[in-house]
Amino acid sequence: MIAALVIGGTVLAGCGGDDDSGGGGGEAQTGGGDDGSVTVVAEDTLSFDRDDYSVPAGEVTIDYENGGNIAHTLLIDGIDDFKLAVASSGDTDEGTTELETGEYRIYCDVPGHSDMEATLTVE
């Protein structure tokens, strides 16, 4: 019983707190895995959950989640035939593409969402 409480407390400790990584303005944050995948969350504040994401060069997988209630898209500037879309709360979409080293602008092309953009750094 005590072991279960210790394990449960450890798991909950990893989930709490406000790290102030909300999108919009503020400090640049990086998010992404060493395996070439990154999760991007669209928010109803017409922003992504971070200003910056990073992944290694090569095959890159983007997991796109709708953290709000309105439809959003995700495109990578300069990469043809890559577009993800999430229509409502909890929707997800995933796409994979080959990216060379550099910085890419990711953005939402829904009318009225022109401020919704972030930087994807490929290293």
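What share of the contacts in the protein chain with a separation of 6 or more comes from residues 24 or more positions apart? In this predicted model, such residues account for 53% of those contacts. The protein chain holds 1 helix and 9 strands, and from the N terminus on its elements follow the order α-β-β-β-β-β-β-β-β-β.

**The open sheet**
- An open sheet is formed by 4 strands in the order E2-E1-E4-E7, and the pairing within this sheet is mixed.
- Strand E2 (47-48) and strand E7 (92-99) stand at the edges of the sheet with a single partner strand each, so one side of each is left without a neighbour there.
- Strand E4, which covers residues 58-66, runs antiparallel to E7 and is joined to E7 by 8 bridges.
- Gly 58 has Leu 99 in E7 as its bridge partner.

**Strands E3 and E9**
- Strand E3 (residues 52-55) pairs with strand E9 (residues 117-122) in the parallel sense, over 4 bridges.
- For Tyr 53, the bridge partner in E9 is Leu 120.
- Along E3, Asp 52 and Ser 54 point one way while Tyr 53 and Val 55 point the other way, and all of these residues are buried.

**Burial and surface**
- Of the 123 residues in the protein chain, 35% are buried.

Notes
Residues numbered from 1 in each chain as written. Predicted model: local features only at pLDDT ≥ 70, side-chain atom pairs only at ≥ 80, totals over all residues. Heavy atoms only, no water. Pairing = 2+ DSSP bridges. Helix = DSSP H or I, 4+ residues; strand = E, 2+ residues; numbered from the N terminus. Buried < 20%, exposed > 50% of the residue type's maximum accessible area, 1.4 Å probe, protein only. Contact = heavy atoms within 4.5 Å.
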